Amino acid sequence: VSRDYPWAMRRLRAGHAIVVARLAELPAEAAVDEASWRRFGVKANLTVPMTVDGRIEGAIALASFQRERSWPDELVSRLRILAEVFGNALAYKRVHESFQSAIRFERLVSDTLAALLTNDRVENRDRMIEAGLRDMALFLGADRATVLERIGDSAEFRTTHRALTVEVPAPADQASVAASPWICAQIVAGSVVRFSTGTDLPPEA
């Protein structure tokens, strides 16, 4: 969308409505947008941004394919009100989904804990821990979940339990300082290690 309508997207991100009664009246900087609208047969367009929690999260767009037409200020105002209603509904949906997700996760944790507390056999506990890890990984959309145990007072760790949700390479059973010095140091210091891509890591990592 941004490639086909760069001018319109810039206006929407700035919180402005796109009011186009006829394509011939578009400014020169909207040449790419005009070509896209003509390609799809649009003769007039009205688009207003949809805001959720102060952030532009979408838009409501009206298009006329049969004729050019004007968009009165009253209609633009009404569409803005409708966009606000839809935005509030979307915000409520997100809060509700987040709440339901939190409840499901708490239930998962409670079920795992209850299973561990009511079973005394070590071999069964190991299976339950791995099952709990797998359920947690599936819930969070991860491919692998691992429990690491620190070796004495060193910065070395060994794997005690692991669960894989898909066919992915299993790491070494021991996390060494030589292989992962920054990560090991962070864990020993009690810090959370979190990154989405390798570029999120600091230079020292």
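Select Tyr5, Ala8, Met9, Leu12, Ile18, Trp37, Val42, Asn45, Thr47, Ala61, Leu62 and Ala63, which line the second largest pocket. On a 1 Å grid over the protein atoms alone, a pocket is an open set of points where a 1.4 Å probe fits, with protein on both sides within 12 Å along at least five of seven lines; lining residues have an atom within 4 Å of a point. Two or more lining residues come from each of helix 1 (6-13), strand 2 (44-52) and strand 3 (55-64), where helices (H or I, at least four residues) and strands (E, at least two) are DSSP runs numbered from the N terminus. The lining comprises 10 nonpolar, 2 polar and no charged residues (nonpolar: Ala, Val, Leu, Ile, Met, Phe, Trp, Tyr, Cys and Pro; charged: Asp, Glu, Lys and Arg; polar: the others, Gly among them).

The model is predicted: local features need pLDDT of at least 70 and side-chain atom pairs 80 or more, whereas totals for chains, interfaces and linings use all residues. Residues are numbered from 1 along each chain as its sequence is written, and side-chain values use heavy atoms, without hydrogens and water.

Next, select Arg144, Thr146, Leu148, Ile183 and Phe195, which lie nearest the centre of the largest pocket, among its 26 lining residues. Strand 4 gives the largest share of this lining, 4 residues. The lining divides into 16 nonpolar, 6 polar and 4 charged residues.

Finally, select Ala115 in helix 3 (residues 73-117). The C-alpha atoms of Ala115 and Ile129 are separated by 9.2 Å.
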